[in-house]
Amino acid sequence: MTLGDAKVGSTVVVTKIEGDGAYKRRIMDMGITKGSELYIRKVAPLGDPVEITVRGYELTVRKDDAQCVQVK
């Protein structure tokens, strides 16, 4: 399952980040790393972007970026 597929109000754990080196680094610099817990706060009406809580702060992630983050 990807971050983009997670339901609003659920808490998920990151298992893998897909993509090339620079792309993965950009996502990891936002605080989304393997093993971190993400709480899905909101999803925009058209599904893009997704608002999450990670490491105590709110973060808005584009749908394309959310599809590259594998969660369980």
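Reader: What does the side chain of S36 reach, and at what distance?
Author: It reaches the backbone oxygen of T33, at 2.7 Å. I'd count that kind of pair as a polar contact: N or O atoms within 3.5 Å, where within protein one must be able to donate a hydrogen and the other to accept it, and residues adjacent in sequence count only if both atoms are side-chain atoms.

Reader: What sort of model is this?
Author: This is a predicted model, in which local features need pLDDT of at least 70 and side-chain atom pairs count only at pLDDT 80 or more, while totals for chains, interfaces and linings use all residues. Residues are numbered from 1 along each chain as its sequence is written, and side-chain values use heavy atoms, with hydrogens and water left out.

Reader: Back to S36. Where is it found?
Author: S36 sits in the loop between α1 (21–29) and β2 (37–43). Those labels come from DSSP runs, numbered from the N terminus: helices are H or I with at least four residues, strands are E with at least two.

Reader: Is S36 buried or exposed?
Author: Buried, because its relative accessible area is 7%. Buried means under 20%, exposed means over 50%, and partly exposed is in between (1.4 Å probe, protein chains only).

Reader: Which residues does S36 touch?
Author: V12, V13, V14, G31 and R55, leaving out residues up to four places away in sequence. A contact here means heavy atoms within 4.5 Å.

Reader: R55 again. Where is R55 found?
Author: R55 lies in the loop between β3 and β4. With 55% relative accessibility, R55 counts as exposed.

Reader: What is phi of R55 near?
Author: Near 55°, which is a positive value in a residue other than glycine. R55 is in the turn of a hairpin formed by β3 and β4, with two residues between the strands.

Reader: How many bridges join β3 to β4?
Author: Five, and the two strands run antiparallel. Two strands pair if DSSP finds at least two bridges between them. Among the partners, T53 goes with E58 in β4, and V54 goes with Y57.

Reader: Why is β3 called largely enclosed?
Author: Because five of its five residues are buried, β3 is largely enclosed by the rest of the structure. V50, I52 and V54 point one way, E51 and T53 the other. In a regular strand the side chains alternate between the two faces of the sheet.

Reader: New topic. Which residues of the largest nonpolar core touch the most other members?
Author: L3, I32, L38 and I52, out of 19 residues in that core. The elements giving two or more residues to this core are β1, β2, β3, β4 and β5. A nonpolar core is a set of buried Ala, Val, Leu, Ile, Met, Phe, Trp, Tyr and Cys residues joined through side-chain atoms within 4.5 Å.

Reader: What does I32 touch?
Author: Beyond residues up to four places away in sequence, its contacts include L38, I52 and L59.

Reader: Now T2. Where does it lie?
Author: In the segment before β1 (11–17). T2 counts as buried, at 9% relative accessibility. Its side chain makes a polar contact with the side chain of Q67, at 3.0 Å.

Reader: How far apart are the end C-alpha atoms over residues 1–72?
Author: 6 Å. That stretch is 18% helix and 38% strand.

Reader: What does UniProt place at residues 1–72?
Author: The feature "domain: Ferrous iron transporter FeoA-like", from an unreviewed entry. UniProt positions are in the numbering used here, feature names are shortened, and annotations may be inferred rather than shown by experiment.
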